[in-house]
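The briefing below accompanies the sequence and the three-dimensional structure. Please read it alongside both, topic by topic.

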4 protein chains.
Amino acid sequence: MDCQKIIDRVYAEVKAGENLGQVAAYIPELSKIDPDRFGICLTSIDGRQYRAGDAEEPFSIQSIAKVLSLSLAFACIGEPIWKRVDVEPSGTAFNSLLQLESENGIPRNPLINAGAIVVCDILCGYFREPKKELINFIRRAANQPDIDYAADIAASEKSTGYRNFALINYLKSFGNIHNDIDQVIDLYFNLCSIKMNCVELSHTFLFLANNGVQLESGETLLDSSRTKRINAIMQTCGFYDEAGEFAYRVGLPGKSGVGGGITAILPNEYAIAVWSPRLNKKGNSYRGMKFLERFTTETESSIF
Amino acid sequence: MDCQKIIDRVYAEVKAGENLGQVAAYIPELSKIDPDRFGICLTSIDGRQYRAGDAEEPFSIQSIAKVLSLSLAFACIGEPIWKRVDVEPSGTAFNSLLQLESENGIPRNPLINAGAIVVCDILCGYFREPKKELINFIRRAANQPDIDYAADIAASEKSTGYRNFALINYLKSFGNIHNDIDQVIDLYFNLCSIKMNCVELSHTFLFLANNGVQLESGETLLDSSRTKRINAIMQTCGFYDEAGEFAYRVGLPGKSGVGGGITAILPNEYAIAVWSPRLNKKGNSYRGMKFLERFTTETESSIF
Amino acid sequence: MDCQKIIDRVYAEVKAGENLGQVAAYIPELSKIDPDRFGICLTSIDGRQYRAGDAEEPFSIQSIAKVLSLSLAFACIGEPIWKRVDVEPSGTAFNSLLQLESENGIPRNPLINAGAIVVCDILCGYFREPKKELINFIRRAANQPDIDYAADIAASEKSTGYRNFALINYLKSFGNIHNDIDQVIDLYFNLCSIKMNCVELSHTFLFLANNGVQLESGETLLDSSRTKRINAIMQTCGFYDEAGEFAYRVGLPGKSGVGGGITAILPNEYAIAVWSPRLNKKGNSYRGMKFLERFTTETESSIF
Amino acid sequence: MDCQKIIDRVYAEVKAGENLGQVAAYIPELSKIDPDRFGICLTSIDGRQYRAGDAEEPFSIQSIAKVLSLSLAFACIGEPIWKRVDVEPSGTAFNSLLQLESENGIPRNPLINAGAIVVCDILCGYFREPKKELINFIRRAANQPDIDYAADIAASEKSTGYRNFALINYLKSFGNIHNDIDQVIDLYFNLCSIKMNCVELSHTFLFLANNGVQLESGETLLDSSRTKRINAIMQTCGFYDEAGEFAYRVGLPGKSGVGGGITAILPNEYAIAVWSPRLNKKGNSYRGMKFLERFTTETESSIF
């Protein structure tokens with residue numbers, strides 16, 4: 001099969017169809033994006049890249065970055081991480097706080113906000129300079145020393161992030177934040193601020209399709225067994241309340257962000273990144289979901 | 001690798017370890033089982049079988065059968081099935097009824113009780129003789145004309161199944177049961193009453209590892225694309241509130257039952273059935289989970 | 001003050017205002033009512049009656065009758081009743097089933113459906129002929145031997161009462177129904193079927209304003225201390241999710257029904273019944289609430 | 001009846017009985033209290049006072065003070081207060097955050113923490129010096145210019161009050177906090193820090209039994225109609241998840257605090273304050289509840 005041809009065709013089909021949903025509007029940096037931007041990049045484990053549309057336009061990857069902080073924390077402390085956060089899907093969104101309450105401050109999984117905040121706390125406890133270590137890890141995964149936090153986005157998130165302040169204080173009331181609230185939340189908002197384009201994003205996630213090994217450097221970012229486990233968590237928890245739908249329609253482990261990005265991987269084959277800012281009702285990219293469903297159907301890519 | 005040797009070794013290790021948890025006690029047919037029975041059978045898509053322990057001892061497969069009724073209903077009516085039931089994991093068990101309420105009588109997925117009851121209603125609406133058609137489908141998957149409902153278990157379930165009567169009436173109040181309540185619940189209780197041994201069970205589920213094709217007959221029970229989707233649903237919804245844990249530790253799509261059975265499949269490779277009656281706190285076989293975790297680690301079987 | 005004049009004036013004012021909300025539509029016997037019927041009767045403990053509008057038009061009192069079955073059960077078995085049902089307000093409606101689940105089948109209070117079903121079960125366990133005893137009790141309270149169950153309404157409720165069948169099965173699954181489900185639910189549906197007019201209804205509830213003593217016969221239906229406790233329960237639990245609003249605006253213990261009736265009492269003074277079929281969003285009579293708020297303000301009737 | 005004799009006898013009886021439950025332990029100022037302190041004072045609207053035990057020992061009134069801030073806010077802005085906070089009982093404690101979520105940041109009532117924080121925000125928006133105005137209002141009610149905030153308790157609450165920080169941030173995320181978070185939470189923590197003894201506390205609440213009029217000064221702190229409404233809110237919402245139980249057993253509007261204080265009023269008769277630090281499982285004073293139940297039974301004090 002000619003991967004580029006399929007990508008081009010599916011890209012054209014989806015672009016020709018309607019573009020529904022809303023762009024995330026809670027901070028200006030997201031709301032002012034052109035809602036019709038649409039980019040794709042697939043990076044295969046033999047290093048080839050296939051692009052379409054706005055593949056080189058940087059965007060805010062938002063929650064997609066939570067997989068990277070999780071990978072680093074898991075590499076650092078291993079299994080004890082699961083004493084602080086669970087690995088179960090979260091069910092309906094509106095239960096998030098109820099679940100924290102009934103489960104004594106242990107977040108359902110590390111890819112919802114509460115869980116990602118706990119992961120940031122773990123990094124703050126492990127490293128003397130967690131902010132620096134985290135971005136270094138991401139740069140090594142991306143093989144790109146320029147990747148950086150976007151200070152303006154982080155500040156914007158912070159100025160309106162009352163719900164995340166509520167979460168971290170609530171977690172602290174259960175004793176599940178060990179470090180200073182201000183330091184932890186600063187790391188969290190910075191994590192969510194990172195910008196990449198589709199080329200960089202698919203490249204960054206390639207190690208998860210490659211048994212934890214970074215392609216160019218050959219560095220093992222995460223051992224093979226833990227890599228599979230991160231993929232399993234993406235599969236069950238990566239899409240808010242649409243994890244089942246994504247498994248059903250796309251059949252690959254992945255993670256989405258409110259910036260309209262989605263990344264997914266096919267183990268031992270490729271990582272793919274798609275970006276289109278309009279979000280469906282569940283908060284995932286409308287065109288991103290459409291593209292991945294058709295692309296995986298055509299290529300018969302599925303872990304199932 | 002020598003599959004039989006690995007099975008034998010892991011079986012021996014798990015058998016030598018402790019056997020914790022409780023046997024399901026709500027009906028006599030389950031509670032009077034010897035809690036130390038322990039059987040395994042793996043059937044590969046080339047037809048070989050590897051057994052250990054009580055592999056030929058029949059047991060009540062209970063909820064595992066829900067995958068089979070779902071497969072039949074999906075084969076019959078296709079995508080419209082998802083208007084009646086969703087494909088999302090259910091989150092914490094205690095929310096089941098709350099979720100039905102807040103989601104207007106649409107069960108979270110077809111593998112929880114509420115969803116399986118709706119699937120039975122679909123079969124009652126589609127077939128003139130749903131009970132006969134369902135068992136025939138299962139016999140064809142099993143390549144075993146003797147498989148049958150266990151009338152005594154069905155009767156026992158019915159006499160104490162107040163929660164399921166509550167569910168079906170509740171579903172009906174939302175208009176999501178179209179047929180006579182008594183007929184639908186009878187089909188449901190019969191479905192849950194089926195007995196198989198591990199050899200039969202792994203054989204029955206083999207079509208899901210084989211793109212929907214029954215091995216001996218070559219019959220396509222479900223087309224390839226739909227087969228992948230059933231596997232995706234097992235992955236995200238097959239283990240009550242332990243779906244994430246199973247994905248994390250075992251890494252295969254599967255389904256468990258309160259009788260202590262678990263079945264799992266590795267696409268294009270094999271189906272495996274494990275049975276040990278003691279259940280962990282989440283309601284899944286204690287030794288079954290242990291065996292599958294170690295077996296998949298040793299064989300590096302994982303979809304991730 | 002001239003009670004009749006105030007009633008006439010407030011009646012006229014409320015009738016002149018708009019009549020919003022919906023008539024309950026789940027059974028034909030309720031949906032076909034003229035939505036503009038509007039009746040009032042106040043009976044004082046010295047036996048005088050003040051009427052307005054359709055005070056002599058019978059209507060389905062529905063849940064208002066739950067106070068009467070509760071009074072009888074409380075008179076029969078006393079404090080042990082609270083082992084089976086609690087006395088707390090239920091909070092938001094959508095929690096009803098969740099609460100049953102988290103509180104192990106003990107309904108929040110005896111005036112929600114689940115609680116009233118448990119009360120019916122208590123009566124079924126106490127009396128050989130509970131249906132006869134219950135209507136006799138109500139006839140004695142009403143001093144009216146003609147009051148009876150409305151077989152057609154009971155049958156209609158039964159044919160569509162899936163949610164109540166769900167509740168009773170759910171309660172049974174927790175062991176909180178001791179008698180035959182069919183007998184208990186039959187008593188419950190009959191209880192809800194009773195028809196009275198405002199004159200009869202205010203007269204029937206007068207004993208709760210009169211320390212438990214029926215006015216004409218002098219019979220003590222409930223002792224003085226228990227009467228106060230029934231009034232306390234009406235105060236905190238009598239208006240679904242609007243109990244606080246009713247306490248705030250009206251300031252009297254009372255109970256409403258989906259037929260559009262509301263009854264309320266001022267201890268040692270009077271019982272009042274209002275009927276107007278259109279219901280506000282919380283399920284209480286739109287005009288009934290308006291009338292009682294203005295009437296109690298003008299007469300400065302309030303327990304606070 | 002001789003009120004002092006009854007108080008003395010019931011006091012002695014309750015003191016002779018067991019003293020169960022736990023002292024609130026989340027801040028040292030509460031945990032280090034002698035758990036056997038037990039004081040009572042009843043102040044009647046003719047100005048007489050009846051005391052028993054440690055009636056003159058000051059204690060932290062905690063949440064009882066929420067009635068006072070509510071009274072002031074209600075006096076200031078009237079009915080529009082209910083656009084910001086509802087008047088319904090909160091149901092089970094564990095729902096508090098779920099309810100805020102499902103009800104868009106409108107707290108269930110002004111006597112739970114979330115509601116009291118919104119009331120503090122209202123005071124911050126109304127007054128230039130809210131902290132000063134609030135304590136002045138309380139001093140006028142108490143006819144006691146010495147009443148003051150306890151800076152050490154407020155600081156202690158603040159240093160561990162993560163759950164309240166979570167709440168205020170969560171409320172802010174819904175737009176239901178209009179002023180600076182730090183200012184509002186400071187007022188809230190100060191409000192909860194106030195210390196009084198039973199004599200002062202019963203005196204302070206007397207205006208609620210006296211149609212809003214302060215006894216000595218004759219000042220109308222709240223008009224008669226609004227006073228009744230505050231009493232109605234205490235009745236339905238004053239005892240966390242035990243509001244129904246208190247209405248059932250005691251039959252008076254009241255409010256409790258985790259410091260072990262309870263105050264209750266009988267309209268047009270008296271205000272009573274009881275203090276005993278051990279709390280029952282629902283968070284209300286074990287002996288306080290016992291005393292009030294027996295005292296109101298003996299004196300036949302009940303609004304019902």
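In S6(B), B:Ala264 is the bridge partner of B:Gly254, and three bridges in total join S5(B) to strand S6 (residues 261-266) of chain B, the two running antiparallel. The model is a predicted one, in which local features need pLDDT of at least 70 and side-chain atom pairs count only at pLDDT 80 or more, while totals for chains, interfaces and linings use all residues. Residues are numbered from 1 along each chain as its sequence is written, chains are lettered from A and ligands numbered from 1 in the order in which they are written, and side-chain values use heavy atoms, with hydrogens and water left out.

**The sheet of chain B**

- The strands of chain B form an open sheet of five in the order S2-S1-S7-S6-S5, with antiparallel pairing, where two strands pair if DSSP finds at least two bridges between them, and where strands (E, at least two residues) and helices (H or I, at least four) are DSSP runs numbered from the N terminus.
- Strand S2 (49-53) and strand S5 (254-256) of chain B are the edge strands, each pairing on one side only.
- On average, neighbouring strands of this sheet are turned by 5° against each other, direction ignored, with axes taken as lines fitted to C-alpha atoms (for helices, over the stretch in contact) and angles running from 0 to 180 degrees between N-to-C directions.
- Helix H13 (residues 286-299) of chain B packs on the sheet and touches strand S1 (39-44), S6 and strand S7 (270-275) of chain B, its direction making about 145° with that of S7(B); contact means heavy atoms within 4.5 Å.

**The sheet of chain C**

- Chain C also holds an open sheet of five strands, with antiparallel pairing and the order S2-S1-S7-S6-S5.
- Because strand S2 (49-53) and strand S5 (254-256) of chain C stand at the edges with a single partner strand each, one side of each is left without a neighbour in the sheet.
- The twist from one strand to the next averages 5°.
- Strand S1 (residues 39-44) of chain C runs antiparallel to S2(C) and is joined to that strand by five bridges, and C:Thr43 has C:Gln49 in S2(C) as its bridge partner.
- Helix H1 (residues 3-16) of chain C packs on the sheet, where it touches S1 and S2 of chain C and makes about 20° with the direction of S2(C).

**The contact between chains A and B**

- Chain A and chain B each bring 37 residues to their contact, and together they bury about 3100 Å², 57% of it on carbon and sulfur atoms; buried area is the accessible area (1.4 Å probe) that two parts lose on being put together, summed over both.
- Of the area that chain A buries against chain B, 27% comes from A:Arg229, A:Tyr248 and A:Phe304, more than from any other three residues.
- Four salt bridges are counted between chain A and chain B, a salt bridge being a side-chain nitrogen of Lys or Arg within 4 Å of a carboxyl oxygen of Asp or Glu.
- The side chains of A:Glu79 and B:Arg249 meet in a salt bridge, at 3.6 Å from N to O.
- On the side of chain A that touches chain B, helix H4 (96-102), helix H11 (224-237) and helix H12 (243-249) of chain A are the elements that give two or more residues, and H11(A) gives the most, with seven residues.

- Chain A and chain C do not touch, their nearest C-alpha atoms being 11 Å apart.
- Chain B and chain D do not touch, and their nearest C-alpha atoms are 11 Å apart.

**Salt bridges over all chains**

- The count over all chains comes to 70 salt bridges.
- A:Asp54 forms a salt bridge with A:Arg37, with the closest N and O atoms 3.2 Å apart.
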